[in-house]
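Visitor: I am new to this structure and would like to learn how its features are read. Could you take me through them slowly, with the general idea before each case?

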Amino acid sequence: MSNERAVLDAHYMARALELARKGLYSTHPNPRVGCVIVRDGQIVGEGWHVRAGEPHAEVHALRQAGELARGACAYVTLEPCSHHGRTPPCAEALVKAGVARVVAAMQDPNPQVAGQGLKRLAEVGIEVASGVLEAEARALNPGFLKRMECGLPFVRAKLAMSLDGRTAMANGESQWITGPAARSAVQRLRARSSVVLTSAESVLADKARMTVRADELGLDPQTTALALARPPLRVLVDGRLRLPLDAPFFQAGPALVVTAAGADPRYAEAGHELLSLAGEGGRVDLSALMRELAQRGTSEVLLEAGAGLVGAFAQLGLIDEYQIFVAGKFLGSSARPLLDWPLNHMNEAVQLKITEMRAVGDDWRVTAIPVPASGV
C-alpha cells in the first residue's frame, strides 16, 4: 500500500469512527459502528448504527450514496456482517451496491462473522483491507469485544473519593463528595452502559435510584433522547434481600435483583426479576453473575457500589477499568476507605496503570486499568 493511500485510509476511517461514536448511548447490545462511502476523493455517503434491530451503518451510508456507491470505497469501523440477524447481512448490501473496495478497521470477533464478511466480499472480486485505526476501533467497543472474545462483559468501576482516599463519613453520609461536573460525567457513564450494578448497602445508605437523569447528562437533545430511549438495566446485588420493595430504587422501574437467598414471588409481582446465584459463604457468586449477564447480551457494566462490593469485584479480578473521581477535600481518618480489600504487605500492593487524568469542574477524573501481576 502506498503511503498516500494509507494516509487517505486513515483520514476516512477517522471520520467513520466519529460517526460510530454517535451510537455510544444507543446501540446496545450491538457494537457502535460507522461507515463512510468515498468516490473520486469525495464522501458520497455516511451512516452510523443507531439502535439494535434497525439498519446498520453500511445500509445508511449506501442509501445516502445511491448510485454513487458503484465503484466507490467503503470505510467501516467493524467488519461488515455476513449473517442474517435482526437485519440482512451488510456484506451482501455492499456487494449489491457494487462497491469496488472495502476497508474495515478490524475484523468482527463475533463467531457468526469472524472474517466471513471480508471473505464474502473478496470472493466476488471486491478489494478488502483491515487493520486501519484498529486500536481506536477497539477502544470504542470494549464491552462487545470482551463479550465476544471472553464471554464476559467489560466492567467499569466508578468511585468517588476525597484527596485522602475516603468515600463517605463514618455514619455513611456521602452526598455529595464531588461537584456537578463530575456527577454529569457519571450520568454519561451510566447512559453508555448496558447495566448499572449496585449493592443493597449503597442503595440503603443513599436512597439511590441509579437511573439516568436527563437534566444532568449534558448532551444535545437528540443524543439525550437516544440515551433515554435505551436506559441501562439496573442490577441490585442483595444477598439477603434486605432492600424493601417500597424503596425508591424499586419505584424507579423494573430491576434485576441478584441474591444468594431462594425464590420470593413478591419481586415478580412488583415487576422485578429475582435471580438466585449462591456462592461460598452465603454470598452472591459474582463471577457467575458476570457470565449470566454476558449471556443476556450485556457488554458494559458500570459498577457503582460501596467499598465492600467493589472490593469483592477487584479481588476476583473482574474489574477492567476504574473511573475515579477525586474531590479537593479531606474527609478525615474516621471516614470510610475506597475499597474493602485488606492488604498487609507492600508486595501485595495492586498496581494500576493510569491511562488518563483530567480536570472535571473542580474535581479530577482518573482513568486507570489493572496491571496484570508479574508472570501472568
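Guide: Let us begin with the named elements: helices (H or I, at least four residues) and strands (E, at least two) are DSSP runs, numbered from the N terminus. This is a predicted model, in which local features need pLDDT of at least 70 and side-chain atom pairs count only at pLDDT 80 or more, while totals for chains, interfaces and linings use all residues. Residues are numbered from 1 along each chain as its sequence is written, and side-chain values use heavy atoms, with hydrogens and water left out.

Visitor: Is C81 buried or exposed?

Guide: The terms rest on relative accessible area: buried means under 20%, exposed over 50%, and partly exposed in between (1.4 Å probe, protein chains only). C81 counts as buried because its relative accessibility is 7%, and E58, which belongs to helix α2 (residues 57-65), counts as buried because its value is 3%.

Visitor: Which residues is E58 in contact with, leaving aside its neighbours within four places in sequence?

Guide: Contact means heavy atoms within 4.5 Å. With those neighbours left aside, E58 is in contact with C35, V76, L78, P80, C81, C90 and L94.

Visitor: How many strands form the open sheet, and in which order?

Guide: Two strands pair if DSSP finds at least two bridges between them. Here nine strands form an open sheet with mixed pairing, in the order β11-β10-β9-β8-β12-β6-β13-β16-β15. Because β11 (273-276) and β15 (352-360) stand at the edges with a single partner strand each, one side of each is left without a neighbour in the sheet. Angles run from 0 to 180 degrees between N-to-C directions, using axes that are lines fitted to C-alpha atoms, for helices over the stretch in contact; the twist from one strand to the next averages 20°.

Visitor: How do β6 and its partners pair?

Guide: Strand β6 (residues 154-162) pairs in the parallel sense with β12 (residues 300-303) over four bridges, where V155 stands opposite V301. Its pairing with β13 (residues 321-327) is also parallel, over seven bridges, and there R156 stands opposite E321. By contrast, β15 and β16 (residues 363-370) run antiparallel and are joined by eight bridges, with D363 in β16 as the bridge partner of V360.

Visitor: What covers the sheet, and which strands does helix α14 lie across?

Guide: Helix α14 (residues 307-315) lies across β6, β8, β9, β12 and β13, running at about 115° to β8. As for β6, nine of its nine residues are buried, on both faces, including F154 on one side and V155 on the other.

Visitor: How many disulfides does a search of the whole structure find?

Guide: A disulfide is a covalent bond between the sulfur atoms of two cysteines, and the search takes a pair of cysteine sulfur atoms within 2.5 Å. Zero disulfides are found in the whole structure. For C73, the nearest cysteine sulfur is that of C35, 9.4 Å away.
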